[in-house]
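Here is a friendly tour of a few backbone and packing details that may be handy when you look through the model. Please have the sequence and the 3D view open as you read.

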Amino acid sequence: MAIVGGGLTGLWTARYLAELDPTLRIVVLERDYVGFGASGRNGGWVSSLFPVPASKVKRLYGAELADDLWRALEETVDEVAQQVGQLSIRCDFTKAGTLLLARDRVQWQRLQEEAPSDTALLDARGANRYLVAGQVIGAVHQPQCATVQPAKLVRGLADRLEEFGVRIYEDTDVTSIGDHGLVANGQKVKADAIVLATESYTAQFSDWHRLVLPLYSMMVVTAPLSDSQYEAIGSPRLGLSFADERNLVIYGQITADRRIAFGGRGAPYGYGSAITPAPERGKGMRQRLEQTLLELLPGLGGIEFTDFWGGTLGVTRDWFPRIDADQTSGLIKVYGYAGDGVAMTNLMGRLVAQKLISPQELPAVHAIFERAPRQWEPEPLRYLGINAGLAMTQLVDSCEQRGIPTWFLDTVRRALIGQVG
């Protein structure tokens with residue numbers, strides 16, 4: 001078995017393949033180092049979130065299968081916890097839940113509509129018991145969410161896999177993939193099955209250039225909070241994750257060493273699905289993230305920001321994650337987490353391993369991930385549409401804060417970024 005991509009999808013797949021069939025020869029091929037992509041550079045949310053609204057999943061697949069999906073995602077949070085403990089991975093895993101804040105009337109309405117029926121709505125005072133944020137109207141605390149230090153998780157998992165006989169080759173560039181074979185660092189490799197687990201980097205293979213769109217997400221990290229700063233934001237539980245209900249996604253966590261790791265989207269999409277560390281993408285986004293965090297948590301006034309980084313997540317045309325298998329070539333492509341992948345990679349790894357070893361035992365929920373692929377538009381339509389959609393998302397958020405109706409704008413921007421329906 002050959003797995004291309006040393007991120008969480010590839011490593012979890014290797015883990016469960018080795019567990020289901022210890023006789024397998026499994027190799028993981030990584031162009032840079034394990035966790036180089038989104039797996040090592042994310043916000044560390046081990047969540048049961050799914051990038052497509054529950055209402056759409058129910059409409060397409062029915063209530064029973066949709067419930068199966070959410071149950072599987074929630075159980076995956078605990079599966080990751082079990083694996084971390086079993087494999088003795090020291091990655092600051094903490095299950096403190098996530099706090100979703102509403103900070104204007106539209107956000108509050110959206111939160112009430114989307115909150116699970118068994119989840120209690122909190123008023124501003126109730127929200128303050130978890131985290132003291134600015135301009136809060138209400139909130140929901142969802143307990144089925146944990147946080148990790150993602151680079152420690154992916155590195156720790158890779159180290160354990162080598163103990164189980166999985167061979168991991170870093171600095172190994174896979175340049176082409178064919179029927180039951182590939183070329184890596186100029187050498188031909190044969191394999192009964194190949195798992196392509198390269199997430200947003202899948203777009204860099206010419207054959208699949210339009211299957212997944214690389215969308216940037218950036219992060220800042222503060223210095224450790226002083227006692228007064230920590231108290232000013234309510235002395236939240238370490239490991240708590242938080243966000244608000246704006247459309248342009250933000251996400252944060254209180255880290256194990258009492259820092260704030262905070263991220264968000266809005267950096268421009270690169271023409272031709274380019275993935276580059278362009279400096280002009282960095283400075284403006286860093287300032288925007290720092291300002292957003294201070295506006296969200298005004299008690300942090302005077303905090304020092306010590307680090308900034310970013311990378312790309314993979315988005316499909318309809319925002320559904322995919323397991324795309326071709327029995328003839330032996331190739332399985334896995335991609336499209338849209339930023340909700342730390343836990344979902346574990347679920348996908350289990351499904352792929354089971355598909356390869358015991359497909360008759362696959363749970364019904366796998367059908368949601370095996371939708372027919374959809375391609376993004378060719379350039380320059382893709383470039384113009386996505387960046388216009390990002391700008392309109394910011395505009396919609398601004399209008400919502402001011403109480404300006406946004407139905408038409410929101411409909412257009414959802415169409416541009418593929419979230420219609």
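## Packing and backbone notes

Ala-14 sits in helix α1, residues 8-20; helices here are DSSP runs of H or I with at least four residues, strands are E runs of at least two, and both are numbered from the N terminus. This is a predicted model, in which local features need pLDDT of at least 70, side-chain atom pairs count only at pLDDT 80 or more, and totals for chains, interfaces and linings use all residues. Residues are numbered from 1 along each chain as its sequence is written, and side-chain values use heavy atoms, with hydrogens and water left out.

With a relative accessible area of 0%, Ala-14 is buried (buried is under 20% relative accessible area, exposed over 50%, partly exposed in between, with a 1.4 Å probe and protein chains only). Leaving aside residues up to four places away in sequence, Ala-14 touches Ile-3, Ile-26, Val-28, Leu-161 and Val-166, where contact means heavy atoms within 4.5 Å. Between the C-alpha atoms of Ala-14 and Leu-69, 55 residues apart along the chain, the separation is 23 Å.

Next come two non-glycine residues with positive phi.

Finally, which residues does a cis peptide bond join? They are Glu-379 and Pro-380, with omega about 5 degrees. Pro-380 belongs to the loop between α10 (366-369) and α11 (381-401).
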